[in-house]
Amino acid sequence: MTPPVRAVLPTFQQELDPLLLMPVRLFIACLLADGEWSDDIAVQSALQLGERSFTTHVEYLQAAGYLEFRTQGGRKKLRLTPLGGDRFAEHVGALSRVTFAAVKLLPTMRCPRGDAGE
């Protein structure tokens, strides 16, 4: 008896970071991708998020080691850690490969408008 065939995930699917699949967290990482310290209020404002929602996402990223913060002059500053930067870069690369694979699946011949069985 032969074992059932198991589907092998494409490499890009293995490289996608589950934590960064949520767009809000991906956008937070995008805004912090330069590795510099940024005001948490500026990042929150750019994403137009409420404080509670923003704090929840920041806490997830921080717990994973992707984000660090410090208080400077009474303001909270955020930045990606080296791990966060690496995971962000890997995730964006994987997303790029997903997009490329999806484009290859698009049909090369499309029905002209009006000829789609109307």
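I began with Glu90, which is partly exposed at a relative accessible area of 39% (partly exposed lies between buried, under 20%, and exposed, over 50%, with a 1.4 Å probe and protein chains only). The model is a predicted one, in which local features need pLDDT of at least 70 and side-chain atom pairs count only at pLDDT 80 or more, whereas totals for chains, interfaces and linings use all residues. Residues are numbered from 1 along each chain as its sequence is written, and side-chain values use heavy atoms, with hydrogens and water left out.

**Entry on helix H5.** I looked up the partner of Glu90 and found a salt bridge with Arg87, whose closest N and O atoms are 2.2 Å apart (a salt bridge is a side-chain nitrogen of Lys or Arg within 4 Å of a carboxyl oxygen of Asp or Glu). Both residues lie in helix H5, residues 82-105, three residues apart, or about one turn of the helix (helices are DSSP runs of H or I with at least four residues, strands are runs of E with at least two, and both are numbered from the N terminus). Salt bridges with shared partners join Asp17, Arg87 and Glu90 into one network. Arg87 is buried, with a relative accessible area of 18%.

Another joins the side chains of Glu68 and Arg79 at 2.7 Å, N to O, and links strand E2 to strand E3 across 11 residues. Glu68 is partly exposed at 26%, and Arg79 is partly exposed, also with 26%.

**Entry on helix H4.** I checked the span of H4 (residues 51-63), whose 13 residues reach 18 Å from first C-alpha to last, close to the 18 Å expected at 1.5 Å a residue (the expected span is 1.5 Å times one less than the number of residues). Its buried residues are Phe54, His57, Val58 and Leu61, and they are on the same side of H4 because they cover an arc of only 100 degrees around the axis (the arc is taken over the directions from the helix axis to the C-beta atoms). The buried residues pack against helix H2 (23-31), H3, strand E2 (67-72) and strand E3 (75-80), while the face turned away from them carries the exposed residues Arg52 and Ala63.

Terms used. Contact means heavy atoms within 4.5 Å.
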